[in-house]
Amino acid sequence: MAFCAAGTATLSHSALSSSKLNEAAAAAASSVPQFSSRSLSFLNSTSAPVFANLSFRKITPMTYSSLLTVTASASPSSSSSTTLTESEGLKIKSIPTKPIEGQKTGTSGLRKKVRVFMQENYLANWIQALFNSLPLEDYKGGVLVLGGDGRYFNREAAQIITKIAAGNGVSKILVGKEGIMSTPAVSAVIRKRKANGGFIMSASHNPGGPEYDWGIKFNYSSGQPAPESITDKIYGNTLSISEIKIADIPDIDLTRIGVSKYGNFTVEVIDPVADYVELLENVFDFPLIQSLLSRPDFRFIFDAMHAVTGAYAKPIFVDKLGASLDSILNGVPLEDFGHGHPDPNLTYAKDLVNILYSKDGPDFGAASDGDGDRNMILGRGFFVTPSDSVAIIAANAQAAIPYFQTGPKGLARSMPTSGALDRVAQKLNLPFFEVPTGWKFFGNLMDAGKLSICGEESFGTGSDHIREKDGIWAVLAWLSIIAYRNKDKKSGEKLVSVSDVVKEHWATYGRNFFSRYDYEECESEGANKMIGYLRDLISSSKAGDKYGNYVLQLADDFTYTDPVDGSVVSKQGVRFVFTDGSRIIFRLSGTGSAGATVRIYIEQFEPDVSKHDLDAQDALKSLIDLALSISKLKEFTGREKPTVIT
């Protein structure tokens, strides 16, 4: 079923009136589906999480037995397998298999409906194809990290991945307790423990549960997602795979921290929070943030959306920084994210939005997504666009965040993200980079020492402390800025608010009005025809062409040449850039698990302070109408309204 049908109510990203926004939020809520839930309730009062022994509903034997010929419930010693080797008590089996269609790896790994991954050998084939694609020195005798967002099927998948890793000669697996570990935490653990790489079990911001989404991706030794050179090899190997190598070992007990040895293979179940928190304490001034959160005249709220940051919210915000326990919403990770869509935007985080736009809302609100790498920042009655957020963090980082006390090395954004960050880089005289969508492009620049702070308009913000976007990092960066701006304010004095910080930034740099229209789960054929039509259109366009009241400066399909390794990536988004700096961009997103998501990005720069308080949808109306006209979106997709507006 389509998660959000055409015509779903949408929300604007500017400072709307609470009544207007709340009505839209209520309408959006009506589209959220309901399904069963299996709970991970593991929070207690200690600073590091203590995970209870959980009682999950097991997959039914009929379903699970067909899942994989090499699962925990299916003996690897079946007659169809062959013993390859037996060394130091570890028996390795070869299980025959055949290629399975549809295992093309995208920018964020492989994402499909969970029932697809539960087909016989589907996950195992991809994992084996990955090992077949890596140089031996990248994993043989090495250490890998394994974690995920707690969604449905992760526990079963963790057993499959662990046994195939052992079967391919990996020496040690570091796995988060209960298989839990946020995407930024996996990157942090890889880097701290000097691991060869790691697996992340997540479909990010997509819904979870038996009828919804699951995903898997691999990060390299720097902690960043595998490059296209590897993901292309993985796909090629899925087309020719004939055997799966698996270790004949028992299921791993993921409920207890500790070390288990099976011959020359070791599994260490680790606290998924400790290494990550230690890193954050070295990035931020925790006492400064604590001074803000402990103020009686400042109220803070964080919505974990029943996703993985529920495991991190209490240890960080409550135990370390002194926030009250009731400031954490939806803090228990659930395998179906509490029947919700763990995407921190104005539509899916409607409960948090309603609270911040209420008459006496908190001073600061934030949310994170399924695997913890995205964020949304809100002030009282005020939403901070992701494009503005990264620009404001960059502009204030040196003063407010100890990690940047000598200043950022460089700044970067994804191509569709607004030009707000460009203006900060120019004013601070910093190197600046525009890259395709995908965090791996930032990682190359970071490893080369060229980049410190970066972001994507898709609610992803981060820095070179790891090699992934980091939702909690962004929240702490904003709390640091607000704390720094109010550190000398006495009780009773008016505090500098989130909206104050944003409007002062606009007054200094100008405002980049920005909006994104998402049309989710469109028919792929129509969406691809639309992009093909737009590519034909730009091939015949030239500078000076008139589009309504706008004059074309350039039209292209974005191509990026990596300044570090010289690699070239093409067809990254169709752009129409006009002489006044306005932009319209069209992309097909690779983050969904079904159909195609069409994304339209609209941007217009406004230097006039008197116009900065306009609603973005009003300020951009003529460009939005032009974008729909240029693309013939309704004609190609049949869609009249977007699923989400941000």
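**Cavities, cores and loops**

Tutor: There are six cavities of 30 Å³ or more in the structure. This is a predicted model, where local features need pLDDT of at least 70, side-chain atom pairs count only at pLDDT 80 or more, and totals for chains, interfaces and linings use all residues. Residues are numbered from 1 along each chain as its sequence is written, and side-chain values use heavy atoms, with hydrogens and water left out.

Student: What makes a space a cavity?

Tutor: On a 1 Å grid over the protein atoms alone, a cavity is a set of points where a 1.4 Å probe fits but cannot get out. Grid points are joined across faces, edges and corners, and the volume is the space filled by probe spheres set on the points. The second largest cavity holds about 60 Å³.

Student: Which residues line the second largest cavity nearest its centre?

Tutor: G109, K217, F218, A226 and T231 lie nearest the centre, out of twelve lining residues. A lining residue has an atom within 4 Å of a point. β7 (213-220) and α7 (228-238) are the elements that give two or more residues to this lining. Helices (H or I, at least four residues) and strands (E, at least two) are DSSP runs, numbered from the N terminus.

Student: How many residues of each class are in that lining?

Tutor: Five are nonpolar, six polar and one charged. Ala, Val, Leu, Ile, Met, Phe, Trp, Tyr, Cys and Pro count as nonpolar, Asp, Glu, Lys and Arg as charged, and the others, Gly among them, as polar.

Student: Why is C454 called buried?

Tutor: Buried means under 20% relative accessible area, exposed over 50%, and partly exposed in between (1.4 Å probe, protein chains only). C454 has 0% relative accessibility, so C454 counts as buried. C522, at 3%, is buried too. Of the 646 residues of the protein chain, 62% count as buried.

Student: What makes a set of residues a nonpolar core?

Tutor: The members are buried Ala, Val, Leu, Ile, Met, Phe, Trp, Tyr and Cys residues, joined through side-chain atoms within 4.5 Å. The largest such core has 77 residues, and F317, L476, W478 and L479 have the most contacts inside it. Helix α15 (residues 471-485) gives this core its largest share, eleven residues. A second, separate core has 51 residues, including L110, M201, A226 and A247.

Student: What does L479 touch beyond its neighbours within four places in sequence?

Tutor: L479 is in contact with I289, L292, L293, F298, F300, F317 and F364. Contact means heavy atoms within 4.5 Å.

Student: Is E457 buried or exposed?

Tutor: Its relative accessible area is 3%, so E457 is buried. E457 sits in the loop between β18 (453-456) and β19 (460-463). Beyond four places in sequence, its contacts include P386, F514, R516 and Y601.

Student: Why is N330 called partly exposed?

Tutor: Its relative accessibility is 27%, so N330 counts as partly exposed. N330 lies in the loop between β12 (328-329) and α11 (350-356). Its phi is near 50°, a positive value in a residue other than glycine.

Student: What is the phi of N121?

Tutor: About 70°, positive although N121 is not a glycine. Most residues other than glycine have a negative phi. N121 is found in the loop between α3 (114-117) and α4 (122-133). Its relative accessible area is 4%, so N121 is buried.

Notes. 1 Å grid on protein atoms, 1.4 Å probe; cavity = no way out; pocket = protein on both sides within 12 Å on 5 of 7 lines; lining within 4 Å.
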